[in-house]
Structures are given as structure tokens and as C-alpha cells.
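Hi everyone, and thanks for coming along. Let me put the model up on the screen, and then we can walk through it together.

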Amino acid sequence: MANNAEDIENNMNQQEANRSPDSTQKPQETGVPRARSRGGSAAGAGAGTGGGGDSGGGGGGNGTGPEQNGQPPAAPTPRVVEREEEEEDEELTLKYGAKHVIMLFVPVTLCMVVVVATIKSVSFYTQNDGQRLIYTPFPEDTDTVGQRALNSILNATIMITVIIVMTLVLVMLYKYRCYKVIQGWLFLSSLLLLFFFSYIYLKEVFKTYNLAMDYITLAIIIWNFGVVGMMCIHWKGPLRLQQAYLIMISALMALVFIKYLPEWTAWLILAVISVYDLLAVLCPKGPLRILVETAQERNEPIFPALIYSSTMVWLVNMADTDRPNRNSTEAASPQQEPQEAPVASPVPSSPSQDDGGFTQSWVSQQEHRLGPLQSTEETRREIQQMPSARPPVEEDDEERGVKLGLGDFIFYSMLVGKASATASGDWNTTLACFVAILIGLCLTLLLLAIFKKALPALPISIFFGLVFYFATDNLVRPFMDKLALHQFYI
Amino acid sequence: MTAAVFFGCTFIAFGPAIALFLFTIAREPLRVIFLIAGAFFWLVSLLLSSLVWFISVQISNKESAAQQKGLLIFGVVLSVLLQETFRFAYYKLLKKANEGLLTLSQEETMPISIRQLAYVSGLGFGFMSGAFSVVNILADSAGPGTVGIHGDSQHYFLSSAFMTMAIILLHMFWGVVFFDACEKQRWWAVGAVVISHLLVSCLTFQNPEYVASLVPTYVILFLMGVWAFYSAGGSLRNLKLCLTCKDKDLLLANHRPR
């Protein structure tokens, strides 16, 4: 999944500037490069979906390059006004930028904590049952190291190919306006995650703690959990509940990856996905970039299902649309509006504030466990600045939200979870990877503010995470072990 | 062992640090970011020193225990020096970033002052240092086992926890003094910080004679605390005003507008 960090600061700048000079609504985000964080587009690749791997889906979501909430790219007028106020806003920008970084730190940390806690307590996710995903058919318990390396390279190649194919399929589907297919796909994916994976998770937790539970109660619990989740994610729901559900399904997905990807394959896939993300977002012919540009041309919102959003989504009052403004109290279904638009009519009547964020969530189908389990979900989120160009706005920081692709969550958590599962240095390695990923995220957002163009959010964090994982596991761990043995302190 | 030891040692080791974090840093996003960046810098310094130690171990005689211990001591000293170097590097980076921000924005006030940065970065260093020292020990303390069954000291967990708390607070004080000294170009103060860090680490070579290592460490902690207090602009008068709730600045600062 290509994750592009949104150019939050820039958006904020624009927003700041635009609010004071003119009260007319303008598409705030035009011309503002956005880095989008794509959720695990790669994640999707794993499971065997009907579409043949939704890894492409994962990549597709976030691959969009400069995203402008579905607004036409050219918007010179707001810029002129902004430039004068830009300097004044620098400090404000820094404060707002920091706030957005924290708004991303918290959910990413929560997701990682859930994954690590599960890995440490529920042994199911670290057991090797001999089952593999259909996308990684080569086993890693071979006789020679060379054979193992070869197998893992082949596995990673297959996975990344599936991801690329899925991304292209997604782009095709989007280009030819097969919105229903995409919507149905997303619906099915989240259905699978919310019901089936959570059932398995709950079952394993009960097994671990030796709790007895009858099927009727279990059915009621899972039913309620799943239905409320579907409602929150695809329709309306309280913001915190929706965020919680998104974090939970990201964690579930990451756990599935941790369980079913063999070790070397997993690390290779992480590395390759970051490279792919980089290419897909920054290259002019990258599929994700094409996707975003198409969305911009059509002035449409890209499917905002499965975007983690930190605030309520507002609707922009456009001069050429008759959609009314909504105030915060009404925005109970923040991103439902843009979602409903493509469903209701092939041509959306007004751009929602979610435009430009292209998120795809691809959940791979999961076969029953008679055969190899296939499950991957691609969800992408974009970090996106939500425009709220309404003058009677109470507070700046309340309007501006941050959106992050689910794929990011999934891969970050997968890295940290794998580190805590397989590293012999235990908690030190986990901590090191955690800090590395957070710093990577921070740097990505900083680069976004500097370069002001769409950047993938996966590469830097994953690169840091991988470097710190291997370095900590191999270099720091023996050192710290020896120090702890003698109780020396550094 | 058991949960009591686990929770007790965790709170001893991290209690003051977490309290500081919650009350002074958690609400400000900028400070949180700089805290994590400080933790990252400490981590990088540890990585480098581990690399050097690892290489030296590989080329040494692995059989000789005395040599290994000597290499370990060398590793500790190198690690301390590298940590202080990275603290200086972080200081330089922050100065540059601050200056850059200042020139970009025509505001006169920076969003975060260098003193706050000193405090936050010191605490970041401390968090990471404490976490790496003690988290594995804490994880083990929750599980089954008997402390010191082979004749080692029975106070292993407790002393580790106390040492960790001292280290975390010391890092914070060192950060404040260090940055202040760099600001005022007082290189002797920088040297004093490095030497006191070395001293604290070398005191731990005496473990498991905990009295010999913990007591001087706490004395140094207290002295550094006083020094940091004065270099951060505190004075007896301020302290008195604060404690008797007569400090108007503090009261105003804590008053949050609705």
C-alpha cells in the first residue's frame, strides 16, 4: 500500500489563509500536494480473494500521488492570498503539524500495543501450524540456508506481483467506473474481518485463558460486534467507536500476517512493499498516482471506507453545489456522505471534503481452515487535510482532521509484532522498533511539510524499523544481556 | 516474584518519569515529539556503541573471562561517551531547527524554548535508557522463579528498579545542565556532566554491593538535581513561592482558558 503522508501543514496554511480573506468557499485542497498514507495495500495481497489477491488493492488505495480532495488541480487564486499570511502561519503550522503527528501517533501506538499484547499472551499467533497463505507457497523449513533464502525470495516475489496486479485491477475498475464492484469488495472484506477473524481471535483468547464459553453467547457477541462494526465503518457511528473498530481490524489483519507469513518472507515482503510504495507514489506512471489523478479529473471522492479519521468530516460548501453546510453536530456520519455519493449516483454532485483521499481496503477472502488460509486486507488511508473553508468555524484544530490509511497501521503493527514474536532480545527489540517507526512517521510528515508533495509514508518507517530490528537483535541484545548480567548501567 | 514484585518495581523505576510525562509533556504535542526524538538519539548512540563492542568481542579471545569483562567495561565507558556526544548532537540539531523556525516565521517567540527542549530531551534519553536497562528484568520478575537461588543477591529486582529511577532522573538533570552549559558556552559544565555520567556508570561496576553503588548514585542525583534547578532559573525564593502557592506566574500559567 502506498502511504502518502498528507501535506497537513500546507493544507492548514491554505486553510488559514483562505479563511480570513474570503468567506466564499473554495476548494481548499486544490493544488496542495498531499502525502497519503496508504494502508496496507500490500496487506491485501496476501489473501486469496476472488479478485486474485487484494494486495493490489492495498497498494491501490494509497498510491494516489498529489491528492487534492477531488478538486481540480489548478487553484491559483487561493495561493496568492495565502502567501502573505504564510509566514505568520509558520508557527501555527508547526503547532498544528505537531498536533497532527500526535493524532497519528496515538492510534498507531494503540494498534501496536494491541498486536504486541496479543502476541505475547496468545500463543496461537506465534505457532507454526504448517499452514501457509496461498500467496506464499514455498516453505521455509528447508535443509539449507540457500534453499530457504531462495524460497523466501520467491514467496516475496509472488506476493508483490499479486499486489501489483491487484493495484492495476483497482485502477482499471476505478477508471471504468465500476464503483459497485469496488464497494462490494470493500464490504465483503470488512465483513470477513469483523466476523470471521474476530471470531478466531476471541476463540484463541478464550483458549489461552481457559475460559469456558457457550456457542450461543459467543454467537451473540460476535454478531453484535460485527454488525456494529459494519455500521460504524460503512455507515454512521460515533467517531471514537469507528476509530476503535478501525484499529481493531488493522490489528487483526496484522496478526494474521504475523501468523501466516514465514519469517524471512515477512521481512522481505516488508522491505519490498516499502520500495513498491515509494515507486508507485513517486513515479509518474505509478498506478496509485494515476488513480489519484483520475479521481481529481472527475472531481470525485475516492472511496473513503476504511480510512482512519481523527475528526469529524465536514462538507465543503461549494459555490456550484447545493449541498448545505453542515456544522459539527450534524456531522454524525462524517465520511458516509462521500461514500454514499458514488453509490447513489455514478457522478457525485459535490465533492466532499474527503476527496483526494483514496483509500482502498481490500480484504482477502479467507477460506475455511481446511485449506491454506488466505487473508489479507488492503486498506489504505490517506493522511488528508480536511478542508473546512467555512467562516463561522469555531476552532481551527477541530476542523482539521488527519486521515491515515489502514495499510500503514497494518504494516507498522506487523513489523513490531514480528519483532516481539521472533526476536530473542524480547522487549528491547520491540521498543527499538516502536521508536523507530514513530520517528519514521514523524520524519515523513516533516518531509511532507518541506517538500509539499505527495510522499509515501511506508518507506521511511519500515526502513528504520527493519534497520533497528536487525541491529538491536544482533548487536544490542548481547551487549545489554551482558550488562544486565553484571548489573552494569550505562 | 509474582505480580507484586513486578508492579512494585515498575512503579519504582518508572513512576517519577511517567508522572513527569503525564503532567508536563503529554498535553503538548511538540514536546512529545521531541521526547521521542530524544529517545531515538539515545537509541542510535547505543546502537553504535554496541556495534563497536560487538566487533571488539569478535576479534578478542572469547575464552578469557577477564578479557571479556575488560571489554565490557570498555563498552560501558564508550557507550557513556557516545551518549553524551549524541546529546550534544541533538542539542546542535535542535538549535538549528529552532533558528530555522525563527527565521521562517516572523514571530519573536518560538513555539518551544531551548530550556523546555533540554528538559524534554533529557527525559527522552532517560526513558529510553531506563527502559532498555530494566524492561527485560521486569518481564522476568512477573514470572515464576526465586531470586538469588544460586547465592546471588536477593535484592536484584529492587536494586535494579531503584537504579533505573536514578538513571532516568539523572538523564533529565544532565540534559538540563548540558543544554544550559552549551548555551552559555561553559564547557567546564559540559565536562562535569560527562564526568558525572561516567562516575555513575563506573559506580555500578561495584554491583552487587548495592550500598556502594546506590548511595553515591543518589547523592549525585541530588546534587545534579540542585544544579539543574539553579541552571533552569530556579532559586530558593521561587521555590518558596511555588510551594506556598503564592507564585503568580505559576498560577497564571496553569490556569487554562476556557
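Let's start with Lys207(A), which counts as exposed at 55% relative accessibility; by exposed I mean over 50% relative accessible area, by buried under 20%, and by partly exposed anything in between, with a 1.4 Å probe and protein chains only. Its salt-bridge partner is Glu204(A), with the closest N and O atoms 3.4 Å apart. A salt bridge here is a side-chain nitrogen of Lys or Arg within 4 Å of a carboxyl oxygen of Asp or Glu. Glu204(A), in contrast, counts as buried, at 5% relative accessibility. Both residues sit in helix H7 of chain A (residues 179-209), three residues apart, or about one turn of the helix. Helices and strands are DSSP runs numbered from the N terminus, helices being H or I with at least four residues and strands E with at least two.

A word on the ground rules. This is a predicted model, in which local features need pLDDT of at least 70 and side-chain atom pairs count only at pLDDT 80 or more, while totals for chains, interfaces and linings use all residues. Residues are numbered from 1 along each chain as its sequence is written, chains are lettered from A and ligands numbered from 1 in the order in which they are written, and side-chain values use heavy atoms, leaving out hydrogens and water.

Back to the salt bridges: how many does the structure hold over all chains? There are eight. Another one pairs Arg477(A) with Asp481(A), the closest N and O atoms being 4.0 Å apart. These two are four residues apart in helix H16 of chain A (residues 458-486), so about one helical turn separates them. Arg477(A) is partly exposed at 24% relative accessibility, and so is Asp481(A), at 38%.

Over in chain B, Glu183(B) forms a salt bridge with Lys95(B), and the closest N and O atoms are 2.8 Å apart. Glu183(B) lies in helix H5 of chain B and Lys95(B) in helix H3 (residues 65-104), so this pair ties together parts that are 88 residues apart in sequence.

Helix H5 of chain B (residues 156-183) deserves a look of its own. With 28 residues, H5(B) reaches 40 Å from its first C-alpha to its last, close to the 40 Å expected at 1.5 Å a residue; that expected span is 1.5 Å times one less than the number of residues. Because 24 of its 28 residues are buried, H5(B) is largely enclosed by the rest of the structure. Just after H5(B), Gln185(B) takes a positive phi of about 60°.

Now, where do the two chains meet? The contact, meaning heavy atoms within 4.5 Å, takes 38 residues from chain A and 51 residues from chain B. Chain A and chain B bury about 4100 Å² between them, 76% of it on carbon and sulfur atoms. Buried area is the accessible area (1.4 Å probe) that two parts lose on being put together, summed over both. Gln487(A), Tyr489(A) and Ile490(A) supply 21% of the area that chain A buries against chain B, more than any other three residues.
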